[in-house]
Amino acid sequence: MYGVTIAGIGPGNPDYLTMEVKKAIEEAEHIIAFGRAGESLKSLEKEFINVKKVDEVIDYIDKHENVLLLASGDPCFYGITDFLKAKSITVERILPGLSSFQYMMTKLKKSWQGAQFLSLHGRKEDLEKVKNNRLSIILTDAQNTPSQISQRLKALGAKGRVYAGYNLSYDDESIIEAEIGKKIEDISPLAVVVVEYEMDQG
């Protein structure tokens, strides 16, 4: 089996590609992209092998050299890197990308050092952890939407504010602010949620 280079493409808009990743895309013989990643980079006028499942990635790497895999955000932040390593895929290089949460925090004009990170994107997490930190950053999916997260936090007795960022970096980007417990319009299945928890509730 051959190895693979994984490149982070950032939140989606080609404007946020690093120069290193742009160069890798120009030089790669074979470029694999999941549907959303390939669609967002159409302006680069490169041919992408579009895949929907990780198993398709593994099958392709098994048969081709000089493969570049495009991953949303940063490949080392709840990304595909660990999964491929667990499947004994040789990861030759990793090119970092701007993570969606970094983009989100700049839009909010808020510092994120000291924040705790949770991913509900195909994973299970105990939202009770939010009460351990003033600032939490949460990745979502279609089953764990910002509105559900807001209401689940209220059920846990949490107070504070929720920020939900949808379609970050795209033309239809939307960022909504609400009190914990309020219903939030679920615009897109992929979102970033930032929770500012009121620690002193006693």
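Colleague: How many helices and strands does the protein chain have?
Modeller: The model is predicted, and helices and strands are taken as DSSP runs. On that basis, the secondary structure of the protein chain comes to 6 helices and 10 strands.

Colleague: What is the radius of gyration of the protein chain, and what does the globule rule give for 202 residues?
Modeller: The chain is as compact as a globular protein of its length, because its radius of gyration is close to the globule rule value. Along the principal axes, the C-alpha atoms fill a box of roughly 60 × 35 × 25 Å.

Colleague: What share of the contacts with a separation of 6 or more comes from residues 24 or more positions apart?
Modeller: A contact here means heavy atoms within 4.5 Å. Among contacts in the protein chain with a separation of 6 or more, the share from residues 24 or more positions apart is 64%.

Colleague: Is G3 buried or exposed?
Modeller: G3 is found in the segment before β1 (4-8). Buried means under 20% relative accessible area. G3 has 9% relative accessibility, so G3 counts as buried.

Colleague: Which residues does G3 touch, not counting those up to four places away in sequence?
Modeller: S100 is 97 residues from G3 along the chain, and their C-alpha atoms are separated by 26 Å. With residues up to four places away in sequence left out, G3 touches I61, T90 and E92.

Colleague: How far apart are the mean positions of the positive and negative charges?
Modeller: The protein chain has 25 positive and 30 negative charges. Their mean positions are separated by 6 Å.

Conventions. Residues are numbered from 1 along each chain as its sequence is written. This is a predicted model: local features need pLDDT of at least 70, side-chain atom pairs count only at pLDDT 80 or more; totals for chains, interfaces and linings use all residues. Side-chain values use heavy atoms; hydrogens and water are left out. Helices (H or I, at least four residues) and strands (E, at least two) are DSSP runs, numbered from the N terminus. The radius of gyration is taken over C-alpha atoms; the globule rule is 2.2 Å times the number of residues to the power 0.38. Lys and Arg count as positive and Asp and Glu as negative; His and the chain ends are not counted. The place of a charge is taken as NZ of Lys, CZ of Arg, CG of Asp or CD of Glu. Buried means under 20% relative accessible area, exposed over 50%, partly exposed in between (1.4 Å probe, protein chains only).
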